[in-house]
Amino acid sequence: MLTLAIETSCDETSCAVVKDGREVLSNIISSQIEIHKKFGGVVPEIASRKHIESIDNILQEALDTAGVTFKDIDLIAVTQGPGLVGALLVGLSTAKALAYGLDIPIIGVNHIEGHVCANFIEHKELEPPFTCLIVSGGHTYLVQANEYTDYELIGRTRDDAAGEAFDKVARSIGLPYPGGPHIDKMAKVGNKDAIDFPRVIIDEHTYDFSFSGLKTAVLNHLNQSKQKGEEIVVEDVAASFQQAVLDVLVDKSFRLAKERNQDKIVIAGGVAANEGLRTMMKERGKKEGIQIYYPSRVLCTDNAAMIGAAGYYNYINGKVSDLGMNVMPNLDIK
Ligand code: KG4
Ligand code: ZN
């Protein structure tokens, strides 16, 4: 079964052809990062316009790379939400036109679920149930995946997403957008014990997260150091900040996995590309007998192949959308 998938929820225009949910025949990603960089973040109106400009070409490239034509496609999968409304509309409208023209089924996919499914592409043996940490620029969720299409929401951020915190802190120490990868690199050479930033709500009996207090603590540290005329070692700030985020993410993930008797933890989303997070998860997993899974870097950040995987599993489990569906910018995980 061949799925043609489309992802346009934020600043990546991506189309992919996925066979039977797990085999990627093509995954073309056109990033707008260079355009948004000078504004320090994604400008929604510009994102929509750029999606319109590139979607046709990306679509054709996805088919060509996979060595197939429209006639070979059995299912259209498209990100329905969450995301930027104008950006989502470009992908959804394209998907509807294709499904109507080709007379094949269409399925609207939850972008967050897509991030989780990137792991099915990478790890052919991976099957639910597992505990899953989803950390991206817009979302921070701790979920229990019971089935391919059954996600139990256990914890979420109460304010900023983890990736958002990385991006904001990066900006405050003069790093370009998106800051996550830059902090990751810098943290490797900095001292993670240099500054004792708060581990927000780590001890509270909740699986929720909060990162805005940590972000403020970093800004206060920078301002106070400046006022006192002290030298700011940005590498130490990056390493200490990253460690404060990771301590909370890792601790809560393992607590949930143990509470649910799980022997697998899956991480997903842009921040799952973080070297520090991967290493810390693996080391603790080894100690506690829990297997850790994460996708390769390109499948961590936004891409259409993960949408194809999620669309396939929803479809074979009886879900299908109709052409009357609309985008859902605030769609949540169940
Ligand atoms: O999943 P994604 O591409 O988009 C959303 O759905 O939000 O995630 C993008 C986020 C950005 O905040 C970016 O800074 C972060 O993922 N990110 C990282 C790393 N690579 C990307 N954060 C920390 N370390 C990284 N290596
Ligand atoms: Zn995403």
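Modeller: Across the interface of domain 1 and domain 2 there are zero salt bridges, a salt bridge being a side-chain nitrogen of Lys or Arg within 4 Å of a carboxyl oxygen of Asp or Glu. The rule does find two residue pairs in polar contact there, both at pLDDT 80 or more; such a contact is a pair of N or O atoms within 3.5 Å, where within protein one must be able to donate a hydrogen and the other to accept it, and residues adjacent in sequence count only if both atoms are side-chain atoms.

This is a predicted model, in which local features need pLDDT of at least 70, side-chain atom pairs count only at pLDDT 80 or more, and totals for chains, interfaces and linings use all residues. Residues are numbered from 1 along each chain as its sequence is written, chains are lettered from A and ligands numbered from 1 in the order in which they are written, and side-chain values use heavy atoms, with hydrogens and water left out.

Domain 1 covers 2-116 + 299-316 and domain 2 covers 127-295, with bounds from an automatic or database domain assignment. In contact (heavy atoms within 4.5 Å) are 18 residues of domain 1 and 21 residues of domain 2. The buried area, meaning the accessible area (1.4 Å probe) that two parts lose on being put together, summed over both, is about 1600 Å², and carbon and sulfur atoms give 74% of it. I112, V116 and C300 supply 36% of what domain 1 buries against domain 2, more than any other three residues.
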